[in-house]
Every structure is written in C-alpha cells, then in structure tokens.
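Take a look at the model below. The report that follows covers charged pairs and a pair of packed helices.

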Amino acid sequence: MRKIAVIFNGGTISMKVDERLKAAVPSLTGEEIMSMVTGIEDFAEVESYSFSSMPSPHMTIEKMFELSKFVEKIVERDDIDGVVITHGTDTLEETAYLLDLTLKTEKVVVVTGAMRSSSELGYDGPFNLASSICTAISDDAKGRGVLVCFNGELNSASEVTKANSMSLNAFVTPNFGPIGIVDNNKVIFYRKVKKIKSYNIDKIKCDVALIKCVAGMDSAYIDFAIERKFKGVVIEAMGRGNVPPLMVDGIKRCISLNIPVLIVSRCYEGRVYESYGYEGGGKMLKDLGVIFGDTLPGQKARIKLILALSSKDEINLKEEFI
C-alpha cells in the first residue's frame, strides 16, 4: 500500500465557527480532519504532519519557501510515495506555484483545502482531502508538477487561479480548463502540463511590487516602489499589455535603475503582446525593455520574479517569461 504524507497547514479546512465571535477560526487538528475522511485507509497509509494552523492571508513568501523546504525533506524519503498539503484558499494558488517552481521531484504533490468550514452544511474538506490522496497514489499523476485538487477537479499549479470567493469549484484554469478529474476514487487526466523550471534558491532575497493599472493612473505607485527599494515591479496592465501614458515615465525610471518591469494583463483570460504602438502601448513598452509575462496573473508573476531574482543561478529574465 502507498504511503502518503499529509501536511496540515491551516485554512478553512481546519476551521469551525466560534459561537462568541460568530465567525470561523482555526480549531481542528490534523487528526480531527483525517477522522472525517472515512475509508481512506483502504487506499493509502497516511502519515500526518502539522506545519501551521494559519489563515491563508497570514501566509508570506518566506513561509511558503519554508514549507517548500519542509516538503522537500519528506519527498526525499524512499517510503513516501506522495504528499498532500492543506492550505487556506486565499493564497493557495501562490503557495502552490512557489512549490511548483522550487520542488525538484517526480513524486506527486497535491495542494487542497476547503471553501466551507466544518461548521457549515456541505463541508467540502474531507471530500477534497480524499480526492487529493487518491491523486497522490496515482502513477499517472507523477511528474506533472504540483497539482491543485478541489471539487473533484485537478488543475496545474502553474495555471490555476481562485476565480470565485465562495463557490465549491472556485479553483479553475482560465483559457485551458482542468487537466483532469477524480471520479469514483480514480484519477483521469485529459491533458499534460509540462513542468518547465525549478529554481535553485537558498533564501528569498527580495520583494517585488505588484501594481494594477486603472484609467488615468500616473507613476506615483511606481515611484513609491523605487523609493522603497523593491527589486522588481509587476504591472497588471490593461488589455494586451498597455498602460496609461502617465505611467511611462515611471517605467523608464525603473529600467534606468536596472529594476525589471514585468507586464501582465489585468484581464482574466488571454496573454499580453506588443500589439499597440501608441504612448503607453505594448509595443512602446517592449521597446523600452519591459518583460512580458504571457498569461500569468499578477500574483503569480510576482512569485516567479521574486524566485528568479533570488536564484543562485544566473538568470536571463526575458527568457524566463517567454
């Protein structure tokens, strides 16, 4: 029988409503959650770990990297066949993406959680956890990078995003859809996402600013990022990768100071491209030296740029985001 390590890391899956506060707070232990996953012992031997009990918004880049190192030690063991990690949903896609870019293993790593607390009708934690364990024991799931499992669907950490604040199927892949499903305890994949990159990192060395474009915006936030000594700037531009003209001078200042500027789109779907040649258009920005981030959303572009800038290896940033 396969042995799966389940790492509990807080989030809604570990919460119940505090009657005094009338709101959900961290309450359940890993053992209490696992006791609700009935019958899982027929599929896998489970070894539980408690990494944290923090709510998702409390997660930091440094804590994500600490989790990555924790997982790395576990997957190095010959007796462990796969890993399942519980996580709060608000920052889950960022943690999953950081894990995908830092872990070097062919073993299955699945991140999951819950959209409803254990006090709510339809608590989805045990189902998501069971589906994730079934995924972790699947031979077909090996070598696919970090996976995210919710509501019986499997998405790649490199593509998935949280698209709804309350729905049970909140995690989706824009443009392409899920890579597979878990049906009747069996994992079925419909397409393969190739894991392209793993970064060699000893510690997180910097932070990167994330700025979202709106109509009439100027360079004030970019100048603030320069003053605060951010080592990179991600701009969620409009449409195909265009910014208001008053932002151009700030972008020029960043580039003159060797602060990389990464352009992604604030649109939910689609990719950025140098289609427009007007002031602030994508072609003009590309000629200035900005980097285009393809289909990445801002939160993931920030993660990737932080890791690229923290890498021990020499990195060509423009090639990283092609």
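Lys69 has a relative accessible area of 31%, so this residue is partly exposed. This is a predicted model. Lys69 pairs with Glu72 in a salt bridge, and their closest N and O atoms lie 3.8 Å apart. Both residues sit in helix H2 (residues 61-75), three residues apart, about one turn of the helix. Glu72 is partly exposed too, at 22% relative accessibility.

Why can such side chains pair? Side chains of opposite charge can do so when their charged atoms come close. The count for this model comes to 20 salt bridges. Three of them are set out here.

| Salt bridge | Closest N and O atoms |
|---|---|
| Glu72 and Lys69 | 3.8 Å |
| Arg77 and Asp79 | 2.8 Å |
| Arg144 and Asp140 | 3.4 Å |

Is Arg144 buried or partly exposed? Arg144 is buried, because its relative accessible area is 9%, under the 20% limit.

Now the helices. The axes of H5 (residues 220-227) and H6 (residues 248-256) come within 8 Å and cross at roughly 20 degrees. That angle makes H5 roughly parallel to H6, because angles under 35 degrees count as such. The crossing is left-handed. H5 brings Ile222, Asp223 and Ile226 to the contact, while H6 brings Gly250, Ile251, Arg253 and Cys254. These contact residues divide into four nonpolar, one polar and two charged.

How values were computed: Residues are numbered from 1 along each chain as its sequence is written. This is a predicted model: local features need pLDDT of at least 70, side-chain atom pairs count only at pLDDT 80 or more; totals for chains, interfaces and linings use all residues. Side-chain values use heavy atoms; hydrogens and water are left out. Axes are lines fitted to C-alpha atoms, for helices over the stretch in contact, and angles run from 0 to 180 degrees between N-to-C directions. Helices (H or I, at least four residues) and strands (E, at least two) are DSSP runs, numbered from the N terminus. Angles under 35 degrees count as roughly parallel, over 145 as roughly antiparallel, 65 to 115 as roughly perpendicular and the rest as oblique. A crossing is left-handed if the near helix is turned anticlockwise from the far one by less than a right angle, and right-handed if clockwise. Contact means heavy atoms within 4.5 Å. Ala, Val, Leu, Ile, Met, Phe, Trp, Tyr, Cys and Pro count as nonpolar, Asp, Glu, Lys and Arg as charged, and the others, Gly among them, as polar. A salt bridge is a side-chain nitrogen of Lys or Arg within 4 Å of a carboxyl oxygen of Asp or Glu. Buried means under 20% relative accessible area, exposed over 50%, partly exposed in between (1.4 Å probe, protein chains only).
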